[in-house]
Amino acid sequence: MTATPSLPVYRWRLAPDGLATRRQLRAMGLRPGGQDVAAELRRPRRRRGPLVAYLYRIDCAKPVRPMTPGRWAALARANRARRICPACRRDAGYVIPAALGACVPCADSN
C-alpha cells in the first residue's frame with residue numbers, strides 16, 4: 001500500500017504534537033469525529049511491508065459519545081450470547097473460545 005501523495009508520512013515515534021492515532025484519541029476520551037486522516041506513521045519491518053498507523057488532529061477530535069441504557073443492554077446481550085455453548089445450549093460462565101467452537105466439556109467429548 002502506498003501513501004497518498006497529499007498525506008505527510010512520519011517515521012515511528014517521530015510524529016509531531018497535535019496528532020494522535022485512534023487508540024490515543026480514545027485514551028483521551030476523544031474520537032476522530034468524521035475528520036479525514038491527517039498523516040501516516042510508518043514503522044519499517046524486515047521481511048514484510050511497513051506497519052502503518054493513521055493519525056488524526058487532536059484539535060478537530062470530538063468527545064466520545066456516552067453509552068446509553070439501550071447500548072449497555074445490547075452489549076450485555078452480545079456478551080451473554082458469546083457464553084452460550086452451541087452444542088449443549090448452556091451458559092459456560094466464560095466466553096467460548098472461537099478455536100473450540102463449544103464449551104470445553106463439549107469440545108473434549110468430540
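Author: Helices (H or I, at least four residues) and strands (E, at least two) are DSSP runs, numbered from the N terminus. This is a predicted model, in which local features need pLDDT of at least 70, side-chain atom pairs count only at pLDDT 80 or more, and totals for chains, interfaces and linings use all residues. Residues are numbered from 1 along each chain as its sequence is written, and side-chain values use heavy atoms, with hydrogens and water left out.

Reader: Where is R89, and why is R89 called exposed?

Author: R89 lies in the loop between α2 and α3 (104-109). Exposed means over 50% relative accessible area, buried under 20%, and partly exposed in between (1.4 Å probe, protein chains only). R89 has 61%, so it is exposed.

Reader: What is the phi of R89?

Author: Phi of R89 is near 60°, a positive value in a residue other than glycine. Most residues other than glycine have a negative phi.

Reader: Which loop holds R13, and what makes R13 exposed?

Author: R13 sits in the loop between β1 (9-11) and β2 (19-20). Its relative accessibility is 76%, so R13 counts as exposed. R13 also has a positive phi, of about 70°, although it is not a glycine.

Reader: How do you know that W72 is exposed, and where is W72 placed?

Author: W72 belongs to helix α2 (residues 69-83). With 51% relative accessibility, W72 counts as exposed because the cut-off is over 50%.
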